[in-house]
Amino acid sequence: MHAFRCDHTMTSERPQRATAAPAHSPAATPPEAARPPGPVHKPPPEGVYLRTIKSYVLRAGRMGTGQIKAFEQFGPRFLLPFTPHQLLDPAATFGRSGPLVLEIGFGMGDATAKIAQARPGDNFLCCEVHEPGVGALLKRCGEEGIGNIRILQHDAVEVLEQMLPAAQPDGTGALLDGVHIFFPDPWHKTKHNKRRLIQPALVAKLSARLKPGGYLHCATDWEPYAQQMLEVLGAEPTLANASTDPALGGYAPKPDYRPLTKFENRGLKLGHGVWDLVFVRRAPAA
Ligand SMILES: C[S@@+](CC[C@H](N)C(=O)[O-])C[C@H]1O[C@@H](n2cnc3c(N)ncnc32)[C@H](O)[C@@H]1O
């Protein structure tokens with residue numbers, strides 16, 4: 001089995017602390033008068049934990065001394081705090097305006113650093129939960145002076161829900177020009193498939209945060225996951241497949257900006273496949 005899997009994703013599910021639903025979330029409790037008659041769902045009391053399915057599991061990875069130093073030295077410049085219920089201000093965050101790309105799960109950040117260097121005019125908001133990976137990308141940002149990356153060491157799904165606004169019905173208000181999800185954990189076993197990131201609910205949330213014309217780019221080397229991606233992205237009515245060549249069966253040629261990783265190159269040499277998918281946010285109906 002060649003599918004890419006980060007080695008820190010092998011421990012069991014962790015409980016998640018219950019937090020109040022944000023005011024803009026559909027899960028927020030409606031005001032008293034608007035509630036339908038029937039049993040009232042009370043939020044769990046403070047300190048009660050809810051189990052939610054996460055797309056990752058954390059394992060205490062070993063941090064190298066360089067990575068530990070990078071947190072101290074470069075953290076203040078490149079790390080962003082997770083601020084629940086407080087929307088991101090991209091211009092203030094990056095110190096300039098520019099197209100904003102969200103990356104979910106950058107691993108050790110090699111592709112992220114290369115893409116940011118190749119696209120100096122774009123700003124990259126990069127989420128990863130794996131601490132050594134965050135340390136590794138911090139080190140690169142600091143040492144190579146990659147000023148257009150900011151890192152959030154937090155669950156990207158919560159970042160999306162709590163820090164990035166969904167577009168208004170007329171399409172205004174969204175902040176994202178692009179989303180990158182490269183080689184997300186494939187969760188091979190059927191009983192773990194529910195942990196996969198690319199599911200209808202998340203794709204709808206991502207699409208709602210893309211500007212009209214903004215893109216969602218996924219890549220995977222696990223064919224069953226590629227098929228699931230194609231199905232889920234194709235079923236999202238606000239997205240259109242950018243790949244229109246019938247010969248490609250809905251998949252996209254690898255865009256030039258996505259560098260070949262060492263792992264991917266090795267797999268390709270062994271004849272293994274990699275599938276890219278690029279979908280674009282449709283303009284809202286007039
Ligand atoms: C298989 S690795 C791929 C890493 C990288 N994209 C690459 O191509 O080398 C998937 C990464 O996604 C991260 N991840 C999974 N779910 C995440 C989430 N909800 N928020 C942030 N990171 C997540 C994992 O920690 C892991 O490092």
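This is a predicted model: local features need pLDDT of at least 70, side-chain atom pairs count only at pLDDT 80 or more; totals for chains, interfaces and linings use all residues.
Figure 1. L160 is buried, because 20 other C-beta atoms lie within 10 Å, and a residue counts as buried when 20 or more other C-beta atoms lie within 10 Å of its own. Leaving aside residues up to four places away in sequence, L160 touches K205, L206 and R209. L160 also shows how the fold brings separate parts of the chain together, for L160 and L102 are 58 residues apart in sequence and yet 9.1 Å apart in space, taken from C-alpha to C-alpha.

**Figure 2. Close-up of A286.** A286 is found in the segment that follows strand 9. Is A286 buried or exposed? A286 counts as exposed, because it has 4 C-beta neighbours inside 10 Å, and a residue is called exposed when 12 or fewer are found there. In sequence, A286 and P169 are 117 residues apart, while in space their C-alpha atoms are 9.9 Å apart.

**Figure 3. Parallel pairing around strand 6.** Strand 3, made of residues 100-104, pairs with strand 6, made of residues 176-182, in the parallel sense over three bridges. Which residue of strand 6 is the bridge partner of E103? The bridge partner of E103 is H180. Strand 6 also pairs with strand 7 in the parallel sense, here over six bridges, and in strand 7 the bridge partner of F182 is A219. Strand 6 is mostly covered, since six of its seven residues are buried.

**Figure 4. Antiparallel pairing around strand 9.** Strand 7 and strand 9 run antiparallel and are joined by six bridges, and the bridge partner of H217 in strand 9 is V278. Strand 8 and strand 9 likewise run antiparallel, joined by three bridges, and in strand 9 the residue A240 has V280 as its bridge partner. Like strand 6, which is mostly covered, strand 9 is mostly covered, with five of its seven residues buried.

**Figure 5. Helix 3 and the elements packed against it.** Which residues of helix 3 (residues 110-118) are buried? In helix 3, the residues A111, T112, A113, I115 and A116 are buried. The buried residues of helix 3 pack against several elements, namely strand 3, strand 4 (123-127), helix 4, strand 5 and strand 6.

**Figure 6. The crossing of helix 1 and helix 4.** Two packed helices are described by the angle between their axes and by the distance between the axes. For helix 1 (residues 65-78) and helix 4 (residues 131-144), the angle is about 65 degrees, and the axes are 8 Å apart. The crossing of helix 1 and helix 4 is left-handed. Among the residues of helix 1 that take part in the contact are F71, F74 and F78, and those they meet in helix 4 include P132, L138 and C141. By class, the residues in the contact of helix 1 with helix 4 divide into nine nonpolar, six polar and one charged.

**Figure 7. The shell around the ligand.** Which of the 24 residues around the ligand come nearest? Of these 24 residues, S55, Y56, G105, G107 and A156 come nearest. Sorted by class, the shell around the ligand holds 14 nonpolar, six polar and four charged residues.

Technical notes. Residues are numbered from 1 along each chain as its sequence is written. Two strands pair if DSSP finds at least two bridges between them. Helices (H or I, at least four residues) and strands (E, at least two) are DSSP runs, numbered from the N terminus. Axes are lines fitted to C-alpha atoms, for helices over the stretch in contact, and angles run from 0 to 180 degrees between N-to-C directions. A crossing is left-handed if the near helix is turned anticlockwise from the far one by less than a right angle, and right-handed if clockwise. Two residues are in contact if their C-beta atoms, placed from the backbone, lie within 7 Å. Ala, Val, Leu, Ile, Met, Phe, Trp, Tyr, Cys and Pro count as nonpolar, Asp, Glu, Lys and Arg as charged, and the others, Gly among them, as polar. A residue is near a molecule or strand if its C-beta atom, placed from the backbone, lies within 6 Å of it.
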